[in-house]
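Open the model in your viewer and keep the sequence panel at hand. The stops below go from the whole chain to single side chains.

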Amino acid sequence: MRNPIDTSMTGAVALIHGASRQSGIGQALAAAVLAATSSADRVVCTARDPTRARSAFEAVLARKPRMPSTSVSPESIDALLDRVAFLELDVANEPSIARAAAEFVRPLRYRRDAAPAAAPGRHRRRPAARKGPCAAGPLLVAKHFVKFFPPPRKPGAAAVGATGADPAGAGHESLLGSPAFITISARSGSIQENTVGGWYSYRVSKAAVNQAMRTVAVELQRKCVLTPPKMLAKRVWAAAGLQRAATKRSAGASADDGAATGATPATTLPVVNVGILGAAAIAPRACVEPLRLLPDGAAYAVAARDRARAEKFASANSIPVVHASYEALLADPSVHAVFVPLPNGAHHHWTAAAIAAGKHVLCEKPLTSNAAQAADLRDQLAARNAERAAAGLPLLVCVEAYHWKLHPAARHFRKALRGEVPGWSVGALQSVSVEMILPSFIFKDSDIRYNFDLAGGALMDLCYVISTARFTIENGIRDSGGEYTVESAEATPLPRDGRIDTRMIATLRHSSGVSAKVFAQLDGSLLEMAFNITAVGDQGTLKFTNFIAPSLYHSLEIKHKDGSRQKTSVYDDDGHMATYWHQMKAFLAAVDGKIKTDEYEEVGLTSLDDAVRTMKVIDAIYEKAGLPVRP
């Protein structure tokens, strides 16, 4: 039997959880989906006992269940079975869910034309003897499967099928509309299974499932369908009509159209394979998860000093390639770009090695340990790109990961500083303050942030305060030039190593006369935690609250001298998406040549020239505070 999750396959993939029983809704839905879709589409079902479930499904097909009259031509049972596979999954056992997700997803991750188009989920009733929260199953399934959905289309955008634009205008997403996670909450439990609370427990369990799915929909901006079986069936039947219309429209077209010339559909984008240097804790959030939601990039490979750790990281994040060393990853021709989330002290060496290997680089902040190293990377990139330009090769992209600047809220903040938003001008900018305070319990005493040899320290880890102060001043005065003088700097040293700052307070002054006070702290309390920017002008004060993670929550507020005020939050233009997603999207666009170097500042990307200027200020602050510059 052909494997429906083989990368050689094209078409959409429907995933149905809970298709164990011959008389169950799951198997009936699987049969209906097979009838309502084309021969290129596949169905993957999960069950606690896949062998028994497959035998039961054969019996379902043998009964020749009533199919929609508008469906495509009937297929033989063998042909239908060729399009279905069963995976082992116990909805009450999370490790089994993770294994099923890896088996289902990994072959599909790097075939953008074979990405899952819809993943209907169903929580089945469990025997009373089995213990566990009745509403938890769908959340566990969502945790491991929803993250692999293709990105949602914007309203009115053309749908894309497995081989380009779908003739029916619905593509392989026509079966269930946009990517959908469907939970049939009517059977999240039963009265007999609730030994405490009876009917009330049953209703609470059902409500919990519904609320959980709504939360998933809000968080991931997916099409979340909460529907009883009859309504679901109507959508499946309607899908057959769409499929029939697509078949009619494409009738007469040659099956070899485009194949003879090797032409690629215009809607197919090249995939940038990203390699990750180090199994760092930040890597899933800053690299892997954004790539899952972007069509033109993929987390392809990982390497770590400890091979076992790299393999564990790859398994947890569905990364197909594990290299034995950083050097091996950089030598892999299938890796087009690298993400560098290593300790600060390793950034310079491995970013330079990646540039020398001809890889694009997204390096975690700070770019290097000091300004001299940053300038060296800038010069190496310039020399390498001069060679590539002479050879007619695309230029390499290397940027520092100040992700917050790419969020729509940061764009509103920048425009307000420039006086480009009516009613939001602060007038002539006079002073800026930036505070970043983290609770002391977040990082252990042994954390790399407290290691001098690895370029640790509060100012190094929270170097956002310098980048942000510069961003605010230079947009406020509409001049990205000028120099900064450190007027004062006071550090709170780590008791066991006086070279490390757990807190840094510094006052800067730009050559334009605008001052900035920056506050970076790793040893604060939970109540002190803050990530705020305040800009004061002769006409008012502008404050950006929680600039570091605006997708979770933020506010922009201006208070005018006359006492009037305005307050807003910016969630349009994908503002609900994390700043790391916006950063990765812009990075991939730059790699693809859609964003030029001279456009970085406007977009929010941080060039190496900009990184050098920030590192010069950081070095000067350490010197003013009486601490050594990081090695």
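How many salt bridges does the count come to? The count comes to 19 salt bridges, a salt bridge being a side-chain nitrogen of Lys or Arg within 4 Å of a carboxyl oxygen of Asp or Glu.

This is a predicted model, in which local features need pLDDT of at least 70, side-chain atom pairs count only at pLDDT 80 or more, and totals for chains, interfaces and linings use all residues. Residues are numbered from 1 along each chain as its sequence is written, and side-chain values use heavy atoms, with hydrogens and water left out.

Of its 631 residues, 52% are buried (under 20% relative accessible area; exposed is over 50%, partly exposed in between; 1.4 Å probe, protein chains only).

Next select K365 and D461, whose side chains form a salt bridge at 3.5 Å, N to O. K365 sits in the loop between β12 (360-364) and α12 (371-390) and D461 in helix α14 (residues 458-461), so the pair ties together parts 96 residues apart in sequence. Both K365 and D461 are buried.

Now select D610 and R470, where the closest N and O atoms of the salt bridge are 3.1 Å apart. Helix α18 (residues 608-624) holds D610 and helix α15 (residues 464-476) holds R470, so this pair links parts 140 residues apart in sequence. R470 is buried, at 3% relative accessibility.

Finally, select K365, D447, R449 and D461 together: salt bridges that share partners join them into one network.

Terms used: Helix = DSSP H or I, 4+ residues; strand = E, 2+ residues; numbered from the N terminus.
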